[in-house]
Amino acid sequence: MNQFLRLHQLSTSIDQLIQEWGGALLNLGLRIFVGWQFLKSGMVKIQDWDATLSLFREEYHVPVLPPELAAITGAGGELFFPILLITGLFSRPAALGLFAVNAMAVISYPQLWSFECPAAINDHLYWGLLLAVLAVFGPGKIAIDNWIKSRY
């Protein structure tokens with residue numbers, strides 16, 4: 001029994017280090033991955049603004065907002081929130097903001113649910129899940145938020 005306990009103690013001796021720094025690296029990776037997906041989309045929108053406006057007028061049906069305002073809001077959110085998320089500045093609000101942008105994309109483009117290939121809707125579901133994890137658990141140690149918090 002003592003050998004078992006020593007073996008267990010040895011196997012768990014670096015758990016704290018793995019949790020602290022492994023979690024920090026994992027959170028950084030999640031922030032970069034999901035932020036990059038939205039940043040790319042926002043950059044595509046501003047590269048051809050006429051096409052973006054056309055999509056918001058004809059394809060995307062954002063509730064309540066007129067198409068022009070929806071396009072500005074959508075592109076703005078896809079450009080602003082990812083930068084915050086990736087850098088780890090105001091990480092939780094950025095994750096929640098992107099979660100809202102993602103949810104609005106799913107609501108405004110119901111065709112996502114009807115494509116034969118489920119990859120389109122699955123991507124949005126995965127992004128939503130990753131953003132929820134970041135909003136709940138925070139950005140981790142490798143974030144400007146953490147550095148600022150250590151200052152006060």
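Reply: A residue is called buried under 20% relative accessible area, exposed over 50%, and partly exposed in between (1.4 Å probe, protein chains only). By that scale Ile-148 is partly exposed, because its relative accessibility is 34%. Before going further, note that this is a predicted model, where local features need pLDDT of at least 70, side-chain atom pairs count only at pLDDT 80 or more, and totals for chains, interfaces and linings use all residues. Residues are numbered from 1 along each chain as its sequence is written, and side-chain values use heavy atoms, with hydrogens and water left out.

Ile-148 sits in helix α7, which covers residues 144-151. Helices here are DSSP runs (H or I, at least four residues; strands are E, at least two), numbered from the N terminus. Leu-30 is 118 residues from Ile-148 along the chain, and 21 Å separates their C-alpha atoms.

Trp-49 counts as partly exposed, because its relative accessibility is 29%. Leaving aside residues up to four places away in sequence, Trp-49 touches Ala-71, Ile-72 and Ala-75. Touching, or contact, means heavy atoms within 4.5 Å. Ile-72 is 23 residues from Trp-49 along the chain, while the distance between their C-alpha atoms is 9.6 Å. Confidence in the chain is highest in α4, with a mean of 97, and lowest in helix α1 (residues 2-12), with a mean of 83. The score behind those values is pLDDT, the predictor's confidence in each residue, from 0 to 100.

Most residues other than glycine have a negative phi. Val-64 is not a glycine, yet its phi is positive, about 75 degrees. Val-64 counts as exposed, because its relative accessible area is 82%. A second case comes in the loop between α4 and α5 (91-108), where Phe-90 is found. The phi of Phe-90 is also positive, near 50 degrees, and Phe-90 is likewise not a glycine. Phe-90 is exposed, because its relative accessibility is 53%.

Further along, helix α6 spans residues 119-137 and contains Ala-132. Ala-132 is partly exposed, because its relative accessibility is 29%. Gln-111 is 21 residues from Ala-132 in sequence, and their C-alpha atoms are 24 Å apart.

Now for the whole chain. The chain holds seven helices and zero strands, in the order α-α-α-α-α-α-α along the sequence. The chain is more spread out than a compact globule, because its radius of gyration is 20 Å, well over the 15 Å that the globule rule gives for 152 residues. That radius is taken over C-alpha atoms, and the rule is 2.2 Å times the number of residues to the power 0.38. Along its principal axes the C-alpha trace extends about 70 × 45 × 25 Å. Among the 152 residues, 30% count as buried. Of the contacts in the chain with a separation of 6 or more, 69% are between residues 24 or more positions apart. As for confidence, the mean pLDDT of the chain is 92, and 100% of the residues reach 70 or more.
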